[in-house]
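Biologist: Could you take me through the salt bridges of this model, slowly and with the terms explained as you go?

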Amino acid sequence: MLNKDRLFPIEPKTRDLARALYNEISTLPIVSPHGHTDPRWYAENEPFPDPAQLFVVPDHYVFRMLCSQGVKLTDLGVPRVDGGETETDSRKIWRLFAENFYLLRGTPSRGWLEHSFEHVFGLTKRFGPETADEFYDHIDECLQKPEFRPRALFERFNIEVIATTESPLDDLKWHAMIKDSGWTGGKVVTAYRPDPVVDPDFEGFAENVEKFGELTGVDATKYDNYLEAHRIRRAFFKQYGATSTDHGHPTARTEDLSRSDAKALFKKALKGECTAEEADAFRGHMLTEMARMSVEDGLVLQIHPGSTRNHSAEVMARHGRDKGFDIPSQTNYVEALRPLLNAVGMEPDLTIVLFTLDETAYSRELAPLAGVYPALRLGPAWWFHDSPEGMRRYREMVTETAGFYNTVGFNDDTRAFCSIPARHDVARRVDCAFLATLVATGRLDEDEAPEVARDLTYNLVKRAYRL
């Protein structure tokens with residue numbers, strides 16, 4: 001069974017304080033403002049297929065580690081883009097997963113999985129080859145019951161609201177189905193992710209822009225119409241609850257180009273003639289344009305830079321995007337964000353949430369920027385740093401300069417539905433441990449700590465994302 005004092009300080013008095021803080025906030029509702037769960041789950045409310053399809057096949061946090069030790073993605077059931085042969089026997093996939101579960105020792109993925117096994121399915125034995133079939137049979141049996149369907153789990157997890165992330169080319173039919181279903185047990189909203197029609201390096205960019213125009217009824221191949229098409233789609237997404245946009249650019253570069261220069265770059269992008277520099281400049285300019293649109297329509301703008309995505313050409317060709325081969329890269333923010341911040345950084349009604357995979361930027365760049373510009377907020381420790389140590393380092397490096405109230409709480413950013421309560425539990429425990437340490441070292445009054453704990457868990461995220 002999981003240790004009840006996990007992630008709390010070792011020193012008894014401080015541990016007692018962390019435990020007391022945690023007990024006050026542990027049952028607060030989950031607000032998940034950014035993630036990648038499938039809205040179809042909540043729309044159709046069908047049973048999850050089986051344990052392997054729930055825990056292994058869709059979760060790159062799991063299969064990337066196994067891949068690093070020579071396990072083939074096809075043997076783990078990860079689909080091929082060409083429809084080629086891949087393992088379809090879920091029990092076989094599960095047994096292979098169990099044989100290699102030891103590879104996750106010391107990683108946050110193991111903690112999330114064990115939390116899910118115990119708290120969602122009531123399994124308290126150690127998972128491994130000896131218990132693989134027992135776990136599979138028990139979970140598979142549970143998944144056939146009504147109380148383990150997506151909506152029932154959503155309510156059991158105490159999720160107040162969750163945001164999914166969709167392309168601007170998405171028809172949002174699953175969100176429409178949710179909206180029309182009459183379900184009152186949870187709120188599912190979308191978020192606008194325009195990368196396919198903003199990034200000249202995105203596969204099929206020109207075709208995507210043409211489809212973008214068809215969806216909006218304008219000729220989006222003309223620059224001014226293209227901007228108007230974004231406004232139209234953003235308004236459409238807002239009809240399905242969107243309060244944010246999301247941008248996964250490789251760098252944090254922003255530009256504020258003249259209309260003629262932006263128009264010329266857009267023309268080259270449609271022809272596939274942009275150099276790498278020009279493509280980056282266009283992406284950067286569109287971040288500034290998106291920020292201006294956010295001033296108009298109130299959508300929170302999230303910037304997720306610093307990932308060299310799909311690093312393996314072989315895996316990209318065979319399995320497609322988001323298959324565990326996205327690698328952090330060094331990111332500059334001070335000069336990169338200056339054009340955008342000079343344009344809109346002092347807007348008090350604009351919220352721009354910055355994320356990073358480059359921890360060296362926390363105290364040197366991001367905290368000082370968020371600690372002075374009214375429009376900026378710092379996103380939580382993200383992706384590779386979504387871990388106990390990553391969260392602790394984040395608090396240590398940003399709090400002195402940005403404080404608590406220029407941050408936005410926690411988001412889980414996951415495709416793995418059953419890991420959501422586990423991830424939020426880790427964040428709450430780490431934050432309570434950090435606050436207890438501040439109290440024990442005389443940097444925070446004890447009567448202030450519960451208020452801050454509640455803010456970090458619930459209030460900041462609702463306020464920042466306008467939920």
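Modeller: A salt bridge is counted here when a side-chain nitrogen of Lys or Arg lies within 4 Å of a carboxyl oxygen of Asp or Glu, and by this rule the count comes to 38 salt bridges. The model is predicted, so that local features need pLDDT of at least 70 and side-chain atom pairs count only at pLDDT 80 or more, while totals for chains, interfaces and linings use all residues. Residues are numbered from 1 along each chain as its sequence is written, and side-chain values use heavy atoms, leaving out hydrogens and water.

One of these pairs is Glu 160 with Lys 462, whose closest N and O atoms are 2.8 Å apart. Glu 160 belongs to strand S2 (residues 159–163) and Lys 462 to helix H20, so this pair ties together parts that are 302 residues apart in sequence; helices (H or I, at least four residues) and strands (E, at least two) are DSSP runs, numbered from the N terminus. Glu 160 is partly exposed, with a relative accessible area of 26%, and Lys 462 is partly exposed at 22%, where buried means under 20%, exposed over 50% and partly exposed in between, using a 1.4 Å probe and protein chains only.

Another pair is Arg 392 with Glu 396, which meet at 3.0 Å, N to O, and both lie in helix H18 (residues 388–402), 4 residues apart, about one turn of the helix. Arg 392 is partly exposed at 33% relative accessibility, as is Glu 396 at 42%. Elsewhere, salt bridges that share partners join Asp 199, Asp 201, Arg 253, Glu 255, Glu 277, Asp 280 and Arg 283 into one network.
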